[in-house]
Amino acid sequence: QPWFARDALRTAATWAGAADAAVDDALARLAARPVTGDLEALAAGRLRTWQETIGLWLRAAATELDTRRAEDPGGFAARARTALADAGRAILDEAERATGSRPAAAGSVFDRAARDLRLFLLQHRLEPILARAGAADLEARR
């Protein structure tokens, strides 16, 4: 540490790229509909919120790990990566519900981004890492 935490977050930044591609394609598909209503607007709002959440976490990580030198870089990285993964999964879920099956059937940008993001997230078992960070947090409060 802190090099491992920084490397873990650099890897997680690739998740942001896949999430951005998924959001951009989903929003383009929603905007291209002949009529958009409250459901499309709600989906767009949710997608942008989670996209911005990812960006906020990445900016916070840059400040925390590169500037202030986090007291617990591993724990911070675990929490940040978990937040990025959760936001990415929320993006995929919302976009799929909002756009339907056509993007998956047509081999769209969204479909490729979703497959990549799911694969990236499967490669990182974050639950045990977050549980260790949580256990350390609890132990520090004793």
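This is a predicted model: local features need pLDDT of at least 70, side-chain atom pairs count only at pLDDT 80 or more; totals for chains, interfaces and linings use all residues.
Visitor: Which residues have the most contacts inside the largest nonpolar core?

Guide: In soluble globular proteins, nonpolar side chains tend to be buried together. In this model the largest nonpolar core has 22 residues, and those with the most contacts inside it are Trp15, Ile54, Ile91 and Leu117. Two or more residues of this core are given by each of α1 (3-31), α2 (38-67), α3 (73-99) and α5 (109-122), and the largest share, eight residues, comes from α1. A second, separate core of seven residues includes Ala5, Leu65, Phe76 and Ala77.

Visitor: Leaving aside its neighbours within four places in sequence, what is Trp15 in contact with?

Guide: With those neighbours set aside, the contacts of Trp15 include Arg81, Leu84, Leu117, Phe120 and His124.

Visitor: Does Ser108 count as buried or exposed?

Guide: A residue is called buried when its relative accessible area is under 20%, so Ser108, at 6% relative accessibility, counts as buried. Ser108 is found in the loop between α4 (102-105) and α5, where its side chain reaches the backbone oxygen of Pro103 at 3.0 Å. Not counting residues up to four places away in sequence, Ser108 touches Asp25, Arg29 and Pro103.

Methods. Residues are numbered from 1 along each chain as its sequence is written. Side-chain values use heavy atoms; hydrogens and water are left out. A nonpolar core is a set of buried Ala, Val, Leu, Ile, Met, Phe, Trp, Tyr and Cys residues joined through side-chain atoms within 4.5 Å. Buried means under 20% relative accessible area, exposed over 50%, partly exposed in between (1.4 Å probe, protein chains only). Helices (H or I, at least four residues) and strands (E, at least two) are DSSP runs, numbered from the N terminus. Contact means heavy atoms within 4.5 Å. A polar contact is a pair of N or O atoms within 3.5 Å; within protein, one must be able to donate a hydrogen and the other to accept it, and residues adjacent in sequence count only if both atoms are side-chain atoms.
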